[in-house]
Amino acid sequence: MNMLPALPDRIRVVEVGLRDGLQAVYDPILATETKIEVVHRLIDAGIREIEAVSFAHPSVLPQLADAADVMSNVPRPDGVRYRGLVPNLRGAQRAVQTGLDEIAVVVSADDEVSRRNQNRTTEQVLAELAEIGPLVRTNGAALIVGVACAFFAPAHGPVAWDRTTAVVDAAVDSGATGVYLAATSGMEHPYEMATGVRLVRERHPHLTVGVHLHNRNGLAMANAIAAMAAGADWLETAFGGLGGDMWFPGDPEVLGNAPTEDLVHTCDMLGVETGIDLASYLGLVELVARETGRRPVSFVSRGGSRDELAHAAWPE
């Protein structure tokens, strides 16, 4: 049972390392077989929701060019769901042929970020989302919409809530069954996190709501707690803190996604069930570090877990 009355007894964790993490690794290009091994290790550790692939053009994201091959070879045990990201209608047309359970489209609530990241305005992306939604539903997948810069945008600051809710409303109109609010800049704080989740839940009570966590300002775990207390259905993190915000200068140690292992460790301490075995998961983190040459930036991988420190012995 959780230790704080406002927190849920259990939270869903969506692993985004294979997509949002690896897309930041330009060299080396991991073999498809290695990615499949990572999937197996994730499942063995208890992960049940995996954002595994992106259907961006291979010239844009060569690391993820093998998306169709990955999906052809992943294990399909009961209870495991796979998500793929699509940047546009053409990507969605490819994605629906691969047996994905969920197809995600990211729409920025900040127009400048949308133009720089997708070469289109927010309104243009939303117009295409209206076409993607029926295609996804017709092919038996669920549509998930990520609201990038839902709280704060680089070179801008706090994003007005009406910008965020406009994207959420359009997602619902397009047939989305879930949305996630993305802490894209890593400069979000717990009050913003709780306010955003509550606002969406009150506006669309039947919509499932997640939060995608970054860690530039070191508040990712505080933001996770705030999101859970506000009623978030799921949280998104990546192994080793890989990937994430690389747009503006800063120390790579803090620019990544929030590390899944830190989230699991935090939830374990608070009595919030994730279904993920931390020791097993940390073995997977070590594998990814070896294959990518990127050391994990998580606190628990570098400082150890609470249990490890409790059982440590003073040096003789």
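Residues are numbered from 1 along each chain as its sequence is written, and side-chain values use heavy atoms, with hydrogens and water left out. As the model is predicted, local features need pLDDT of at least 70 and side-chain atom pairs count only at pLDDT 80 or more, while totals for chains, interfaces and linings use all residues.

Colleague: How are the rings of F151 and W161 arranged?

Modeller: Rings of Phe, Tyr and Trp (its six-membered ring) pair if their centres lie within 6.5 Å, with planes under 30 degrees apart counted as stacked, over 60 as edge-to-face and the rest as tilted. The count comes to 1 aromatic pair. The centres of F151 and W161 are 6.0 Å apart and their planes stand at 90 degrees, so the pair is edge-to-face.

Colleague: How many residues apart in sequence are the parts that this pair ties together?

Modeller: Helices (H or I, at least four residues) and strands (E, at least two) are DSSP runs, numbered from the N terminus. F151 lies in the loop between β5 (142–148) and β6 (152–153), whereas W161 belongs to helix α7 (residues 161–173). The pair therefore ties together parts whose separation in sequence is 10 residues.

Colleague: Is W161 buried or partly exposed?

Modeller: Buried means under 20% relative accessible area, exposed over 50%, and partly exposed in between (1.4 Å probe, protein chains only). F151 has a relative accessible area of 1% and is buried. W161, with a relative accessible area of 28%, is partly exposed.

Colleague: Over which ring does the charged end of R302 sit?

Modeller: A charge sits over a ring if NZ of Lys or CZ of Arg is within 6 Å of the ring centre and within 35 degrees of the ring normal. The charged end of R302 is 5.7 Å from the centre of the ring it sits over, that of F299.

Colleague: Which element gives the most to the lining of the largest pocket?

Modeller: On a 1 Å grid over the protein atoms alone, a pocket is an open set of points where a 1.4 Å probe fits, with protein on both sides within 12 Å along at least five of seven lines; lining residues have an atom within 4 Å of a point. The largest pocket has a volume of about 1,000 Å³ and is lined by 37 residues, with R19, Q23, L61, L85 and N117 nearest its centre. Elements that each supply at least two lining residues include α1 (17–21) and β8 (178–182). With 4 residues, the one that gives the most is α5.

Colleague: Which residues lie nearest the centre of the second largest pocket?

Modeller: The second largest pocket holds about 300 Å³ of space. Its lining has 19 residues, and those nearest the centre are L242, P252, R294, R295 and V297.

Colleague: Which residue in β8 stands opposite V145?

Modeller: Two strands pair if DSSP finds at least two bridges between them. β4 and β5 run parallel, joined by 7 bridges, and V105 stands opposite V145 in β5. β5 and β8 also run parallel, with 4 bridges. The residue opposite V145 in β8 is V179.

Colleague: How many of the residues of β5 are buried?

Modeller: In a regular strand the side chains alternate between the two faces of the sheet. In β5, A142, I144, G146 and A148 on one side are buried, as are L143, V145 and V147 on the other. The number buried is 7 of its 7 residues.

Technical notes. Grid points are joined across faces, edges and corners, and a volume is the space filled by probe spheres set on the points.
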